[in-house]
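Thanks for making the time this morning.

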Amino acid sequence: MDQFIVNIIHRPEMVPEYAEKVTGQGRTEDIGRKALLTESLDIFKTQQECAHKNGLKTTIEMTYASLFNEEAVSIAKEHHEKYGDEIGLTLLGLPCKEFREKYKTKDFCIWMFSMEDKKSIVNDVFEKFHDTFGFYPESTGSYYMDADLINYIKEKYPSVKCAVATCWEEGPKAYHTCNNSWYTFMDGGPWAPWIPSKQNTHAPAANKEEDSGIVAIPHLSRDLIACYDGNGSNFGTHPQNVLRGMIYDSKTWDYPYLYNLIDQYRYLAKFNNGYAYNMMFVGPGWMNKMGRWEAPYELLLKSYEDGCAYYGSLKKEGKLIDMTMSEFADYYREKKTYTEPECALWRDILYGSKKQLFWYCDPFLRVCVNMDQGGAIVDLRPYVAKLEWKVGIGTDHIQDASYPFLIQEKYRAGYFTHYAGEGTVRSAKLTYHGEEVDLCLCPTHAHFSQEGSTRILTLDPVDIEFTDLNLKLQTRIFFEEGASNIRIERSILEMSREAEIELNEYMVACFGTTEYTEDMTGITLSADKGSEVLSLPYEYKCREKYVEGADSVSAVVPQIKTKVSMTCDKKTAEGYFKEGYAFSPMFTLGYKAKISDKEVISTWLSLEKAN
């Protein structure tokens, strides 16, 4: 029987994000204002009541500020005893008089501090927690927690076994929709629970040696299409995300999208050996008495009551298991192996289109396949490099915690590009008598299956029409567990007459974390054939090289310590690579081969760590 797990997480933020600016309009800032603290605590109580009256236990992630409030502490202790709620400790909610007096800053994102300050803050917060409750927490979290921070916490406070560790696809898209003011970039991580590696929080551990010692969960469960295409903060299972996205009936105050989104997560059990996960992580700032996101307090309250009621009804029907964070960490460790991937064949539940994306994540790569573009790969993160990416003041990445991409259609155009140049994508072109068709222009749908440890996407065949030739082509994509590669198989199922066409399997790539190009100097492009190696240093000279019968074509990207290569099972195929130019700073790897009716050709895209 499928198991659907939910974590309901509340935090008694005494100084909620945004709330001082909203409730204190026209006043000098005062984060210790009694009215603000009282309202925040009242909202926390309301949120707890919403969960408990629906038979749901919560994880209470105490904030630093709440540890100085006797009533907040008392409530946490009472609810732990009465309802089985877990008392954890979040690194959100740092701002309070005590914190600002000591650290002399308005910074509140723990991963952005210097490492020295991170350690000091962790020590202060954890020891204050211990002084308050007499034990150390088993769970913690933030919007993002960098690897050095997690490693330090696990070493100093080994009781911690679970943490909220990243906010899915919270990068430039979120930055732009916050009026270019939300300096938190953390694209490229998993969307579902994982065990982060010691080297990089985003990249899952491949074995015990890489295991950071915690189970990580995402900050909110996002819509894996709407969030990817737009601002994730509008599309999550946090009810007020749905209100912020204006995805409700303004007359009836109904929001079927919220329930559809929860159900879509339930459905992911079909792709993950009977297991699915969902979470709701809520601070009181979302239920401000003055209203938020053009919604009055009454609607804010109703949405949260209804969200908890839906989870409660699923639990009563035996379709949901509510767990605390530490309980879930234990469950996850028993349920999943290191190399077992997380898969999501996700359909559009917001706009009514037939769009599908397939997301795949394991310790070696994260990839997104877009069926609207014929099964093209539109996002690829090389986790195999386990890139050490220090974050915060005093590092090279003060705000940018994202895991770099090789392919990213939103920041590097994808197939649909400007009048010149190329965008990053992994697709194929078919050419016959001077006519060319790119599979990116052939929308289709996919079906998921599993054979042993290999996950398979079988795409519906597409019809391709040339002037005097029609054919039907099918694509299958194979993800072999632990293999660090993706096999793409193309089959000609039928042709209107005997003919031979050219199949061009290609990958356009670069590297980066935002929409702004990086310096590609230092990349080496190569084609191997036997003992012969043809190599080219990237110099923006628009050069192309072709090798008939190449064993492989590859690019070494030292900036992200990654080698990406392509191989083909048709030995007569011509391997090639292309160097980009300043206006189109990409590189291309590919194979060209002749293909006829009933013929099948496979290519592999492989990733390796490049030292």
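Let me begin with Lys541, which forms a salt bridge with Glu539, the closest N and O atoms lying 3.0 Å apart, where a salt bridge is taken as a side-chain nitrogen of Lys or Arg within 4 Å of a carboxyl oxygen of Asp or Glu. This is a predicted model, so local features need pLDDT of at least 70 and side-chain atom pairs count only at pLDDT 80 or more, while totals for chains, interfaces and linings use all residues. Residues are numbered from 1 along each chain as its sequence is written, and side-chain values use heavy atoms, with hydrogens and water left out.

Is Lys541 buried or exposed? With a relative accessible area of 51%, Lys541 is exposed, given that buried means under 20% relative accessible area, exposed over 50%, and partly exposed in between, with a 1.4 Å probe and protein chains only. Elsewhere, salt bridges that share partners join Glu169, Arg366, Asp379 and Arg381 into one network.

In total, the structure holds 38 salt bridges. One of them pairs Arg426 with Glu505, with 2.9 Å between the closest N and O atoms, and this pair links distant parts of the chain, since Arg426 sits in strand E14 (residues 425-432) and Glu505 in strand E21 (residues 500-509), 79 residues apart. The strands and helices I name are DSSP runs numbered from the N terminus, with helices (H or I) of at least four residues and strands (E) of at least two. Arg426 counts as buried at 1% relative accessibility, and Glu505 counts as buried at 2%.

Turning to the helices, the axes of H5 (residues 115-133) and H6 (residues 147-156) come within 11 Å and cross at roughly 40°. That angle makes H5 oblique to H6, because angles under 35 degrees count as roughly parallel, over 145 as roughly antiparallel, 65 to 115 as roughly perpendicular, and the rest as oblique. The axes are lines fitted to C-alpha atoms, for helices over the stretch in contact, and the angles run from 0 to 180 degrees between N-to-C directions.

Which residues make this contact? On the H5 side they are Met115, Lys118, Lys119, Val122, Asn123 and Phe126, and on the H6 side Asp148, Leu149, Tyr152, Ile153 and Lys156, where contact means heavy atoms within 4.5 Å. The buried residues of H6 are Ala147, Leu149, Ile150, Tyr152 and Ile153, and what covers them includes H5.

Also in H6 is Lys154, which is partly exposed with a relative accessible area of 21%. Leaving aside residues up to four places away in sequence, Lys154 touches Val160, Lys161, Ser212, Gly213 and Ile214, whereas its C-alpha atom is separated by 20 Å from that of Ala401, 247 residues apart along the chain.

My last pair is H10 (residues 256-267) and H11 (residues 297-316), whose axes come within 11 Å and cross at roughly 40°. Here Leu258, Tyr259, Ile262, Asp263 and Arg266 in H10 meet Asp306, Gly307, Tyr310, Tyr311 and Leu314 in H11.
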